Amino acid sequence: MVRVKELVKKLDPYVPGRSNADLARAYNLDPDKIIRMGSNENPLGPSPQAVKALQENLHKINTYPESNTDDLKRKIASYAGVNVEEVIIGGDGADEILDVLAKTLIEPGDEYIVHPPSYMYYEFTFNIHGAVPVYARWDIEKNHLDLDSVLEAISPRTKVIFLCTPNNPTGGLIDKKDIRTVLESTDALVVVDEAYWEFSAVNNLELLAEYDNLFILRTFSKVMGLAGMRIGYGIGNEEFIQYMHRVKPVFSLNKLSHIAASTTLDDADYIERSNELSIQSRDYLYHEMSKIPQLKVYQSLANYMLVDIRDTGMNSREISEELMKNGVIVRDCSSFRGLDEYWIRVSVATMEEDEQFINILQNILQ
């Protein structure tokens with residue numbers, strides 16, 4: 001057996017959501033009729049303009065992608081209202097940007113701060129590079145960041161602080177004044193994850209002009225409907241972005257992803273419809289699930305919501321399995337640090353799928 005790094009041996013694997021094919025095989029279901037409410041995806045599907053552009057460019061996949069992505073950077077900069085030089089694009093979603101951040105910043109033994117429960121991929125990525133996690137706290141009952149726990153966690157070894165807003169999986173926002181307080185309390189990089197910002201209509205871009213230690217993380221996987229194309233981007237200080245480009249793979253953004261992202265940004269009507277549908281679905285699901293006495297549903301400003309299911313008499317694995325038997329995928333949150341085995345996360349779907357889900361859930365809990 002080859003000698004694997006000791007650090008890698010100690011890593012816990014990242015637990016992704018279930019796929020349609022996996023579920024269809026396990027429960028003898030039609031994969032095309034499975035309702036996906038576990039991965040925070042866009043129920044509208046991709047932009048028709050993006051699909052058309054992909055079809056027209058399939059014959060080009062025998063050639064390498066463009067190493068120069070300035071055209072897409074310009075569109076992202078225009079969409080975000082920032083300078084082109086402040087943008088970096090990743091070809092494995094926002095996850096690649098996280099990896100590039102770690103490669104740029106982390107020496108073994110450096111610390112980074114996270115506030116569980118939150119997106120677990122921060123830990124998965126940074127631990128590989130020898131970074132040491134320090135845990136702040138998200139107050140689940142109030143659904144907001146415990147600011148004092150973040151400030152108390154800062155040390156001379158702190159290199160990065162992650163702030164997720166809206167927070168995944170709770171859906172709560174971090175107040176801008178709290179973000180400002182963190183930025184002013186450290187020279188560490190403060191990564192504000194805005195993967196779901198469109199659903200809340202709140203972002204923190206204006207702080208970029210004031211703080212050179214702010215970095216904003218975003219993705220095309222949610223409101224843009226391109227989760228399968230794996231496109232993410234970051235916005236930060238121009239000089240720091242240049243350092244990131246020194247370690248970022250040159251061809252990580254593949255040719256078709258480049259085309260899909262660019263075309264989607266041109267389709268403003270699609271982005272608006274996508275956002276409206278997700279918010280309509282979110283509000284409906286919150287309203288209908290809140291009527292079920294065994295559930296405690298947390299109000300969210302993202303495209304998902306966290307649900308406490310301990311009064312159902314089932315744990316998250318059991319209720320998730322019952323739903324999967326009926327063709328519905330939700331997220332069992334027992335793998336999230338900071339949550340026990342009595343939480344699920346429910347993503348938005350089409351209104352028709354929402355109604356089916358509510359009926360199935362009610363039948364399971366009767």
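Me: How many bridges pair strand 13 with strand 14, and is the sense parallel or antiparallel?

Reply: The general idea is that strands of a sheet pair through backbone hydrogen bonds, either parallel or antiparallel. In this structure, which is a predicted model, strand 13 (residues 328-332) pairs with strand 14 in the antiparallel sense over 2 bridges.

Me: Which strand is joined to strand 14 by 5 bridges?

Reply: That is strand 12 (residues 304-308), which runs antiparallel to strand 14 and is joined to it by 5 bridges. Here you can look at aspartate 308, which stands opposite tryptophan 343 of strand 14.

Me: In what order do the strands of this open sheet lie?

Reply: The sheet is open and has 5 strands in the order 1-13-14-12-11, with mixed pairing. Its edges are strand 1 (35-37) and strand 11 (296-297), each of which pairs on one side only.

Me: Which way do the residues of strand 14 point, and are they buried or exposed?

Reply: Trp343, Arg345 and Ser347 point one way from strand 14, while Ile344 and Val346 point the other way, and all are buried. Because 5 of the 5 residues of strand 14 (residues 343-347) are buried, this strand is largely enclosed by the rest of the structure.

Me: How many salt bridges does a search of the whole structure find?

Reply: The general idea is to look for a side-chain nitrogen of Lys or Arg within 4 Å of a carboxyl oxygen of Asp or Glu. A search of the whole structure on that basis finds 22 salt bridges. One of them joins the side chains of aspartate 95 and arginine 230, at 3.4 Å from N to O. Aspartate 95 lies in helix 5 (residues 93-105) and arginine 230 in the loop between strand 9 (214-219) and strand 10 (232-236), so the pair ties together parts that are 135 residues apart in sequence. With regard to accessibility, aspartate 95 counts as buried at 13%, whereas arginine 230 is partly exposed at 26%. Both residues also belong to a network of salt bridges that links Asp92, Asp95 and Arg230.

Me: Where do glutamate 206 and lysine 176 lie, given that the pair links distant parts of the chain?

Reply: Their salt bridge has its closest N and O atoms 3.0 Å apart. Glutamate 206 is in the loop between helix 9 (197-200) and strand 9, and lysine 176 is in helix 8 (residues 176-184), 30 residues apart. Glutamate 206 is partly exposed, at 41% relative accessibility, and lysine 176 is partly exposed as well, with a relative accessible area of 25%.

Me: Which loops hold arginine 310 and aspartate 340?

Reply: The side chains of arginine 310 and aspartate 340 meet in a salt bridge of 3.2 Å, N to O. Arginine 310 is in the loop between strand 12 and helix 13 (316-325), and aspartate 340 is in the loop between strand 13 and strand 14, so that this pair, too, links distant parts of the chain, 30 residues apart. Arginine 310 is partly exposed at 33% relative accessibility, as is aspartate 340 at 30%.

Me: Which residues make the nonpolar surface patch?

Reply: Met1, Val2, Val4 and Val8 make a nonpolar surface patch of about 440 Å². Within this group, valine 4 sits in the segment before helix 1 (6-9) and is partly exposed, with a relative accessible area of 32%.

Notes: Residues numbered from 1 in each chain as written. Predicted model: local features only at pLDDT ≥ 70, side-chain atom pairs only at ≥ 80, totals over all residues. Heavy atoms only, no water. Patch = residues over 30% accessible without salt bridge, like charges linked within 9 Å, V, L, I, M, F, W, Y side chains within 5 Å. Areas by Shrake-Rupley, 256 points an atom, 1.4 Å probe, with all protein chains shown as cover. Helix = DSSP H or I, 4+ residues; strand = E, 2+ residues; numbered from the N terminus. Buried < 20%, exposed > 50% of the residue type's maximum accessible area, 1.4 Å probe, protein only. Pairing = 2+ DSSP bridges.
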